Amino acid sequence: MTQRTLIIGGATGIGFAVAQLLAGRGGHVILAGRDDNKLSDACQRLQVTGASAETVVLNIADEKQVAILGKTLEPVDHIIVTAGSQAPGGVLTALDLSAARQAFNTKFWGSLAVAHHLSGKIKPGGTLTLTTGFLSRRTVPGTIVKTTINAALESAVKMLAKELSPLRVNAVSPGLTNTEAYAGMTLKDRQKMLTRAAENLPAKAYGRAEDQAKGYLFVIDNPYVTGSVVDIDGGALIN
Ligand SMILES: NC(=O)c1ccc[n+]([C@@H]2O[C@H](COP(=O)([O-])OP(=O)(O)OC[C@H]3O[C@@H](n4cnc5c(N)ncnc54)[C@H](OP(=O)(O)O)[C@@H]3O)[C@@H](O)[C@H]2O)c1
C-alpha cells in the first residue's frame, strides 16, 4: 500500500529533501506550509519526476488551523514537522521577547498542536517525527531562543513517545545545514559560514538537506526507535 506522509515545512529545505526521498520510493507526500506559491512550486518539482504529491496551506502557529486540518485530513502513515527555522538571536537582556514568543508559538507550540490535533490521524504502525537542532544541548551565548525551543521539544518528544505509544515519536536534531533557512544572508556571508563549519567540525563538512533527510527515513523505517533524538550535526556536539 502506498504510504502517505504529511510533511509540515515540506516546501523547502530539510522537509523538501525528506519529501523527495519518500516520493522517490513510491510514497504519497502532502506538503504543508504557509505559502501557497512555494508549496505549488515544490509540488510541481516533485510531480515532474513522476512523484505523487499534494499541498495544504497551514500555519502551525495558529492552533485553529491545525484543529481544522485534524477534521479533514485523511489518515496518514507518518507526520513530519520541519517548520519553524526562524528565531531571534541575541543575549536575553537585548532580546525582543515578543519575537521570541512568536518563535516558540511556531516551532514549540506548533509542533505540540500537531501532536495534539493530528496524531490521531496517524495509522497504526505509523510515526510522528519532530525537528529540534544541535543548540538544544550546546550553550552558545546569543542563541537562548533556539536552545530553549529545541531543548523543550526534545523533552516533549520523550514524553509523547510514552503518552502516544504505540505510535512512535522521535526527533531529528540537525547541525548547520545549507537550506533556505539562510536565504536572508548574502551569498558571501553564507559561503563563509559554511566553509568555517566545514573546517571546524569533526566531519569536515557542512550539512546538506539530503543528509538530514536520511535521518527521518531511519526513524520512520526502524520499528524499534521511539523517544529518540537523532543527531546529524557533523560532530558539533562533541566539538
Ligand atoms: N538549517 C539548519 O542549519 C538547521 C540547524 C538546526 C536545526 N534546524 C531545524 O530544521 C528545521 C527545518 O529547517 P530548514 O533548514 O529546512 O529551514 P527552511 O527551509 O526555512 O524550512 C522551514 C519550512 O517551514 C515552513 N514554515 C515556517 N513557519 C511555518 C508555520 N508557522 N507553519 C507551517 N509551516 C511553516 C516554511 O515555509 P513557509 O515560510 O512558506 O511557511 C519552510 O518551508 C527547523 O526546525 C530548523 O530549526 C535547521
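Figure 1. Two strands are taken as paired when DSSP finds at least two bridges between them. Helices (H or I, at least four residues) and strands (E, at least two) are DSSP runs, numbered from the N terminus. Please keep in mind that this is a predicted model, in which local features need pLDDT of at least 70 and side-chain atom pairs count only at pLDDT 80 or more, while totals for chains, interfaces and linings use all residues. Residue numbers start from 1 along each chain as its sequence is written. With that in hand, the sheet reads 3-2-1-4-5-6-9: seven strands, open, with parallel pairing.

**Figure 2. Strand 2 with its two partners.** Here we zoom in on strand 2 (residues 28-33), which pairs with strand 3 in the parallel sense over six bridges. Look for Gly33, whose bridge partner in strand 3 is Val57. Strand 1 (residues 4-8) also pairs with strand 2 in the parallel sense, over five bridges, and in this pairing Ile8 stands opposite Ala32 of strand 2. Five of the six residues of strand 2 are buried, so the rest of the structure largely encloses this strand. A residue counts as buried if 20 or more other C-beta atoms lie within 10 Å of its own, exposed if 12 or fewer, and partly exposed in between, with C-beta atoms placed from the backbone. Helix 2 (residues 36-47) lies across strand 2 and strand 3, and runs at about 175° to strand 3.

Figure 3. Leaving out residues up to four places away in sequence, Leu31 touches a list of residues including Ile7, Ala19, Leu39, Ala42, Cys43 and Thr55; two residues are in contact if their C-beta atoms, placed from the backbone, lie within 7 Å.

**Figure 4. The shell around the ligand.** The ligand is surrounded by 30 residues, of which Gly9, Gly13, Arg34, Asp35 and Gly133 are the closest. A residue is near a molecule if its C-beta atom, placed from the backbone, lies within 6 Å of it. By class, ten residues of this shell are nonpolar, 15 polar and five charged. Helix 1 and helix 4 (97-118) each supply at least two residues of the shell.

Figure 5. Ala83 lies in the loop between strand 4 and helix 4, whereas Lys107 has its place in helix 4. Lys107 counts as buried because 30 C-beta neighbours lie inside 10 Å, and Ala83 is buried too, with 27 other C-beta atoms within 10 Å. Beyond four places in sequence, Lys107 is in contact with Ala83, Gly84 and Ile149. Among the residues that Ala83 touches are Ile8, Gly9, Gly33 and Lys107.

**Figure 6. Strand 4 beside strand 5.** Four bridges join strand 4 (residues 76-81) to strand 5, and the two run parallel. Ile80 is a handy landmark, standing opposite Thr129 in strand 5. Strand 5 (residues 122-131) is mostly covered, with seven of its ten residues buried.

**Figure 7. Two loops with backbone details.** In the loop between helix 5 (144-163) and strand 6 (168-174) you will find Pro166. The peptide bond from Ser165 to Pro166 is cis, and its omega is near 10°. Lys204 sits in the loop between helix 6 (187-200) and strand 8 (207-208). Lys204 has a phi near 55°, a positive value in a residue other than glycine. With 11 other C-beta atoms within 10 Å, Lys204 is exposed.

Terms used:
Axes are lines fitted to C-alpha atoms, for helices over the stretch in contact, and angles run from 0 to 180 degrees between N-to-C directions. Ala, Val, Leu, Ile, Met, Phe, Trp, Tyr, Cys and Pro count as nonpolar, Asp, Glu, Lys and Arg as charged, and the others, Gly among them, as polar.
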